[in-house]
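Subject: Structure handover

Hello,

Here is the structure I promised to pass on. Please open it alongside this email.

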Amino acid sequence: MTQIIELLEKMGQDASLQNESKLATLIESIELPENIERAILTNDSEELAQDLNTRPNIFCGVFPAEDDEPTEGDDEKESEIKFLKHG
């Protein structure tokens, strides 16, 4: 797996690897599994993601924690909100 990551990193850093023959030569020297080689050489990102068992759509969210204890200003805010809701 490390070899695959290093190859993908090198591909991103070296524009000369856009040449198919140079890329093929590099891949042959690394000895990757045939399905990985095929996916990289054909630019099939879906097959590569499936072969590597990755999840391409990752979502990360951060939610602020709620205060457990009310502060002095909270009562005023709540009364303002109730006033605005009830008019």
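This is a predicted model: local features need pLDDT of at least 70, side-chain atom pairs count only at pLDDT 80 or more; totals for chains, interfaces and linings use all residues.

Residues are numbered from 1 along each chain as its sequence is written, and side-chain values use heavy atoms, with hydrogens and water left out.

**Overall**

The chain has five helices and zero strands. Helices (H or I, at least four residues) and strands (E, at least two) are DSSP runs, numbered from the N terminus. The pattern along the sequence is α-α-α-α-α. Of the 87 residues in the chain, 18% are buried (under 20% relative accessible area; exposed is over 50%, partly exposed in between, with a 1.4 Å probe and protein chains only). Among contacts (heavy atoms within 4.5 Å) with a separation of 6 or more, 30% join residues 24 or more positions apart.

**Helix 1 and helix 2**

Helix 1 covers residues 2–13 and helix 2 covers residues 20–30. Their axes come within 11 Å and cross at roughly 160°. Axes are lines fitted to C-alpha atoms, for helices over the stretch in contact, and angles run from 0 to 180 degrees between N-to-C directions. The two helices are therefore roughly antiparallel (over 145 degrees; under 35 is roughly parallel, 65 to 115 roughly perpendicular, the rest oblique). Their crossing is right-handed (the near helix is turned clockwise from the far one by less than a right angle; anticlockwise is left-handed). Gln3, Leu7, Lys10 and Met11 of helix 1 meet Leu23, Leu26, Ile27 and Ile30 of helix 2. That contact has six nonpolar residues, one polar and one charged (Ala, Val, Leu, Ile, Met, Phe, Trp, Tyr, Cys and Pro are nonpolar; Asp, Glu, Lys and Arg are charged; the others, Gly among them, are polar).

**Helix 3 and helix 4**

Helix 3 (residues 34–41) packs on helix 4 (residues 45–52) at about 155°, with axes 8 Å apart. This pair is therefore roughly antiparallel too. Here the crossing is left-handed. Helix 3 brings Asn35, Ile36, Arg38, Ala39 and Ile40, and helix 4 brings Glu47, Leu48, Asp51 and Leu52. Five are nonpolar, one is polar and three are charged.

**The salt bridge**

How many salt bridges does a search of the whole structure find? One (a side-chain nitrogen of Lys or Arg within 4 Å of a carboxyl oxygen of Asp or Glu). Glu47 and Arg38 form it, at 3.1 Å, N to O. Glu47 is buried, at 18% relative accessible area. Arg38 is partly exposed, at 40%.

Best wishes
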